[in-house]
Amino acid sequence: MPYKNLNSEERRETVKILYSNAISGIAISTVVSFILVFAFDLNNQKISYEKSIWLSIMVVLLAARAIDVIWFYKTKKDSPLFNADTYSKRFSTGCILTALSWCGYALWFHSTSSAIETTTTIAILSAFAGGSANLLSGSRVTAVLYSIILLAPYSFLLTFSNENYNSVLGILGLAFTAIMVASSYKSATFTHSAIKLKNQNRELLNEMKNKVEQRTEEIYRLSNTDPLTNLLNRTAFLKNANRQLADNPQEPFALLFVDLDGFKQINDSLGHKVGDKVLKEIARRISNVCNQQLFKCRWGGDEFLILATYQKQTELIEFADKVLQSIGAEHETYKYQKWVSATNWYCHVS
């Protein structure tokens, strides 16, 4: 079962751990099942028949688990429809049923088992319990229950046997059960902590990456844009303009220099705060007229530059007039004040 204190991403990690070695575990269980059924008492028809029944049950169970594993690997883990809890419950149920089946074998055939078969059985169960400590570390409850169900019932039975040999095996089995329970719990706890730490490191790395990107954008903004209007500053404009001209030497271009009229009066009469608002509005209007491909710059004070490309000079003149009309339009907030204009502009054509 998944840990309750894990988030969705961490639960997906635990499920991946559970399923990662499932096929090998199922394959080993299948092989060992056939060995136990056919390696002992081949001449006893009754025992062979009963063992074949048990083997059929085990094979069906292992086949169902194998299908579940295949289904898991065909499922997209990043899909919002993927439910880690559902897969965890299915896997854990399969493991517990497998442990019950192994335990059932040991108890079912104990009365007719020879000393060699008893020793082999307890050794196999102990080996499975030992391997489960790591293979089932994705789920603490499953790992602990698997070891207990696998070993404890048969070990208790052997402990109370009249034969001294079996009693010793039972005591050793109970001791190993306790060791495996502690080991499984510790291994699962370590896996849980490792997944949490991995997720925290991922989140920290993403946070640092976002901060670096934000800081990079901030540095770029501070070094390349005018802090008041967010247009390119003088340095960035020249750099971009030179690159544009170097990359397209045959393309005609025009450099429009816009000098505002009446801006000084706004600063003197309404103050610099209003003047800053006017400059922001002018920059916004210039940006609205110009497309994204044109470089726009606040050259300084109330001066603006626009680098424009064109096909015909008539189109360029129309564009320049459109810029001037937009700048000279009345401002909604200060309708009673004469708005700035830019009747004088200079254009260098190449």
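Asparagine 224 touches Leu231, Leu232, Asn233, Ala236 and Lys239, not counting residues up to four places away in sequence. Contact here means heavy atoms within 4.5 Å. The model is predicted: local features need pLDDT of at least 70, side-chain atom pairs count only at pLDDT 80 or more, and totals for chains, interfaces and linings use all residues. Residues are numbered from 1 along each chain as its sequence is written, and side-chain values use heavy atoms, with hydrogens and water left out.

Asparagine 224 lies in helix α7. Helices (H or I, at least four residues) and strands (E, at least two) are DSSP runs, numbered from the N terminus. With a relative accessible area of 6%, asparagine 224 is buried. The cut-offs are under 20% relative accessible area for buried and over 50% for exposed, with partly exposed in between (1.4 Å probe, protein chains only).

The side chain of asparagine 224 makes polar contacts with the side chains of serine 223 and lysine 239. A polar contact is a pair of N or O atoms within 3.5 Å; within protein, one must be able to donate a hydrogen and the other to accept it, and residues adjacent in sequence count only if both atoms are side-chain atoms. Another such contact joins the side chains of glutamate 281 and arginine 285. The table gives the distances.

| Side chain | Partner side chain | Polar contact |
|---|---|---|
| Asparagine 224 | Serine 223 | 2.9 Å |
| Asparagine 224 | Lysine 239 | 3.5 Å |
| Glutamate 281 | Arginine 285 | 2.9 Å |

Glutamate 281 belongs to helix α10 (residues 272–289). Its relative accessible area is 14%, so glutamate 281 is buried.

**From α7 into α8**

Asparagine 230 sits in the loop between α7 and α8. It has a positive phi of about 65 degrees, although it is not a glycine. Its relative accessible area is 51%, so asparagine 230 is exposed.

At the start of α8, a side-chain oxygen of asparagine 233 comes within 3.3 Å of the backbone nitrogen of threonine 235.

Helix α8 covers residues 234–247. Its 14 residues should span 20 Å at 1.5 Å a residue, and the end C-alpha atoms are 20 Å apart, which agrees. The expected span is 1.5 Å times one less than the number of residues.

Which residues of α8 are buried? They are Ala236, Phe237, Asn240 and Ala241. They cover an arc of only 125 degrees around the axis, so they lie on the same side of α8. That arc is taken from the directions from the helix axis to the C-beta atoms. An α-helix has 3.6 residues a turn, so residues three or four places apart point the same way.

Thr235, Asn242 and Ala246 are exposed, on the face of α8 turned away from its buried side. The cover over the buried residues of α8 includes α7 (164–224), β1 (253–259), β2 (295–300) and β3 (303–309).

**The β2–β3 hairpin**

β2 and β3 pair in the antiparallel sense over five bridges. Strands count as paired if DSSP finds at least two bridges between them. The two strands form a hairpin with two residues between them. In the turn, glycine 301 has a positive phi of about 60 degrees. Cysteine 297 has leucine 305, in β3, as its bridge partner.

Threonine 309 is also in β3. At 37% relative accessibility, threonine 309 is partly exposed. Leaving aside neighbours within four places in sequence, threonine 309 is in contact with Gln244, Glu251, Pro252, Phe253 and Leu294. Threonine 309 and glutamate 251 are 58 residues apart along the chain, yet their C-alpha atoms are separated by 7.3 Å.

Cysteine 103 is in no disulfide; the nearest cysteine sulfur, that of cysteine 95, is 15 Å away. Cysteine 103 is buried, at a relative accessible area of 7%.

Cysteine 290 counts as buried, at 4% relative accessibility.

Asparagine 21 occupies the loop between α1 (8–20) and α2 (22–39). With a relative accessible area of 38%, asparagine 21 is partly exposed. Its C-alpha atom is separated by 9.1 Å from that of leucine 136, 115 residues apart along the chain.

How values were computed: Disulfide = S-S within 2.5 Å.
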